[in-house]
Amino acid sequence: MGSQGGFGQSKEFLDLIKSIGEARSKAEEDRIVINEIDILKKRIIEPDIPKRKMKEYIMRLVYVEMLGHDASFGYIHAVKMTHDDNLHLKRTGYLAVTLFLNEDHDLIILIVNTIQKDLKSDNYLVVCAALNAVCKLINEETIPAVLPQVVDLLGHTKEAVRKKAVMALHRFHQKSPSSVSHLVANFRKRLCDNDPGVMGSTLCPLYDIILADVNSYKDLVVSFVSILKQVAERRLPKSYDYHQMPAPFIQIKLLKILAVLGSGDKKASEQMYTIVGDIMRKSDSSSNIGNAILYECICCVSSIHPNPKVLESAADAVAKFLKNDSHNLKYLGIDALGRLIKISAEIAEQHQLAVIDCLEDPDDTLKRKTFELLYKMTKPSNVEVIVDRMIDYMMSINDNHYKTEIASRCVELAEQFAPSNQWFIQTMNKVFEHAGDLVNLKVAHNLMRLIAEGFGEEDDTADSQLRSSAVESYLRIMGEPKLPSAFLQVICWVLGEYGTADGKYSASYITGKISDIAEAHSTDDKVKAYAVSALMKVYSFEIAAGRKVDILPECQSFIEELLASNSTDLQQRAYELQSVVGLDARAVESIMPMDASCEDIEVDRELSFLNGYVQESLNKGAQPYIPENERSGAISISNFSIEEQHGSSGHSLRFEAYELPKPSVPSRPPAVSSTELVPVPEPTYHREFHEAVAPKLSVSGTGSSEIKLRLDGVQKKWGKQTYSSSSPSTSDSDPHKTRNGATQRDVPSSLSSKARDVSYDSRRQQEEINPEKQKLAASLFGGASKSEKRPVAGHKASRPNTHTTDKSHAEKSGPSDVGAVKASPQPPPDLLDMGEPTSISNATSVDPFRQLEGLLDLNEGTTAPGSSSAPKAPDFMSLYGDTSFTGQNMETANLLSTGSGDANLISGISHAPDRNGHGTGSAVTLTTQLSKGPNTKEALEKDALVRQMGVTPATQNPNLFKDLLG
Amino acid sequence: MIKGVILMNDKGKPRLVKFYDYHPAEKQQELIRRLYAVLSSRAENVSNFVKVDSLFGSDARLVYKTYATLHILFIFDSSENELAMLDLMQVFVETMDKCFSNVRELDIVFNFNKVHAILDEIILGGQVLETSSSEVVKAVEEISKMERAANSIMAVPSITGWQSR
């Protein structure tokens, strides 16, 4: 081993890191690492490696694996290192195994014993190291092996150990709640630990446990409230303070727990109001952690039974967040607002401008959060603006995951709140056009069904209008390039079903269009299938109507192509078409009735019409039919052997076998608890028997016979005879478990999906009532007095102007609402509609100046923090002074020099939180605000947007209620 | 719970990777790559939070912060508070700074076993264990002392060079 670097590592390791740092490409880096792996592979198996050398090899392995290369050849050495008595080596070994292995790795079994031993060690550091490993490496099966020791540690004298033991139990609870369910009392007891740190760590498992079963822990509310009170009143030792806040992390955890406990429970909530109110009042909104607590308070308030006073201070806190320049706080403000509006929707009103600012913010995180908020506050009056915005945003992003999410939200909102059929179809078209392949195929089917069934129940003309508008829009859109497959399927289906229904388009026009689609997307079999079915429908409708069908040449060639298609599905459809076309009108009408896509087709699952035939055959002496799962021996052996192998690879080891090895006779399997396996030494027989019991899921079961048959199986690795004899009991219990698991999994999933359907339905119903309430509210909505309730300082100036517009609007919408049912439908409100009626433009023509005043007012507010943090800005830049640690010309000497102008991380740290938020940030927003201010047009546009998005249902679309209420 | 802690430099090279749920090595690499892509796409002076549910399952959030050439990333779910995580990151960095006196990227590269030890004192099994940097420093120093004692038995003093720093 060469010279020691200043970092305590060998020269080789230093060189490795250096050369990797200098690597110019990923390929070069890979070459270096692969070379390193080769070296390590050779070195690590050399005999008599000194331990410290071995330790370094292990660390190098960790490094190699961190860079993404396989170091599994060295795992066993890391495992061996955990057995070492030397603490340093032991810790290194534990560190390496926690990074290398997962809880199901085969080598874990070699570590469990060591962990058991270490948990009992006198040296608490060894115990801590073992507890660390326990958290990562113990799985459901091995929990019982270490559980007693960990529980014992709850009474350890060192609080660090107690804390970690609690955490380890929490981890067990996460992995298998049943394994520690009898220990909940211990958690409760630890809540009273004299060390606040231990108490604090107990909150983590309690939070999870309470989340799973709220009602059993209501008695703890008093304790939690009193703990929170003590913490907030600084009764804890000073050492728990963080940035002058008393134990903030404990406070946050407690508030989270209270939020769960108080949800929907008036009595429990009443105990919390005082303390939560106190904390909010005392909170320090200048520090990061103070705001974290404040935010948690808001979450808590919005979750528990509402109380007007606390709610008000929560709303104030939200206002503070939203007005802050820090994007982090704005983000939390938007999130908190989303929680609060569930309780009282008015709160959103005063923040309309702030919300729209966030929507236009370049920060993507903030934007998405704002869309989430809008999604929550969508209602019939603003659905159009919100969905339009969402679609615009959806078109602008590339992230498929988020695109999918936002597309499905658009669909959901559109389905729930669509003001008119026209709008609905257009919206869906847009969604499909831009994200068709991302949305769930179900959405496409829903759309088809919706078009087929229509909105209204009895209003046939509206339905046919809907259909013809759909047909028209599709005929227009279908020429566009690159339409997603799902959308094309919808188009084909609708054209086939309703293309000729209203008589506007001739059959040959529609069929021509359909064959155009098929031709343009000749690689997509699904689209072709939809297309040929659509053709069949159009033709049969023609025949049924008594008209003569002349198949266009391009359709003919398309059909002929499909007749010879490789896909049997396409071929069948084509042949069906051909034969349907050849039939007479009456037959066709009964095969392909008009507009019958929603009719239920009765299927005789029992095939009862064949009963006579079956009876006849039986009379003639035929064997009766035996259902497949009652048959035996007919299952293919090859299939079975696969299952067998699969079963043997399952992880079904028992560590007890290692501790108590007892000699046993392998030829005679010991009596097993289950009766199934006991008398069956012969594999083939056993197989059948087992097959009969668990037809599909006999995953392992045969493990016992398999061990006897092939000794080269995986489990042989652990080698002792004792094991193979004791294994039947474990591997036997396994299939039961899996079987149970599988069936259980099946049932709830079907149940839950049903439940979801139901809840969806009920929600829909609620939503359908909603507009009525809305209407009532709108007709009651005389002046916008509500919005004046609580004007906030920064918005004071801008407030009146929105107020005036609201009022003028309300005056206008008031009377029109009365006659809403009769009134002729207004055009749907446009996003930027400013010139709606003249009365409004009169009112708003005063606005810009007031608006400007308001913005200037805001600017005054923001200049203060901006200027105060400005001097820090250059300091910030200095952080980037020296950023080339890993630069190419880095030399070891340079590397080792401690002083010389290396960027000092901590100098950035101490101020970083404020600086990130304020320094340059405020300057930027300042300028944008200034530039926004004088622009009257933008202000006007924004105002119009506010009106439509906000809580005030400014414009009522009479059409809407007609549609939704039927 | 906290799902993972990652330290990477501004070129996307991982310096410390710790996931509290198991991910196979290739998956880890992919996650790191994609996280780096996320970081690269973020402008300056925007929030430190990113939703990463596409990478880590529903509800997953990422808090990141850049110290000189080093990005620190915490990934966690809804049971943690974003701002609090930002402060926890602060605790972590403060502790490293105390342990290495003026921590630099290279300290982390060469002493990642010690950095792991620090992290293990702060976060255990995905839960916040300790939030006071002085407590963490005390614990880590105690470990160092014990290890030194153990090593002196082995009579290889040089190996623990990093503790003297």
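Which side chains does a polar contact of 2.9 Å join?

This is a predicted model, where local features need pLDDT of at least 70, side-chain atom pairs count only at pLDDT 80 or more, and totals for chains, interfaces and linings use all residues. Residues are numbered from 1 along each chain as its sequence is written, chains are lettered from A in the order in which they are written, and side-chain values use heavy atoms, without hydrogens and water.

**Exercise 1.** Describe the setting of A:Lys164.

Solution.
1. The polar contact of 2.9 Å joins the side chains of A:Lys164 and B:Glu121. A polar contact is a pair of N or O atoms within 3.5 Å; within protein, one must be able to donate a hydrogen and the other to accept it, and residues adjacent in sequence count only if both atoms are side-chain atoms.
2. A:Lys164 sits in helix H9 (residues 159-175) of chain A; helices are DSSP runs of H or I with at least four residues, and strands are E runs of at least two.
3. A:Lys164 is buried because its relative accessibility is 2%, with buried meaning under 20% relative accessible area (1.4 Å probe, protein chains only).
4. Leaving out residues up to four places away in sequence, A:Lys164 touches B:Glu121, B:Leu124, B:Leu129, A:Cys128 and A:Leu131; contact means heavy atoms within 4.5 Å.

**Exercise 2.** Outline chain B and its pLDDT.

Solution.
1. Chain B holds six helices and seven strands.
2. Of its 165 residues, 72% count as buried.
3. The mean pLDDT of chain B is 86, where pLDDT is the predictor's confidence in each residue, from 0 to 100.
4. Over residues 155-165 of chain B, pLDDT stays under 50.

Terms used: Buried < 20%, exposed > 50% of the residue type's maximum accessible area, 1.4 Å probe, protein only.
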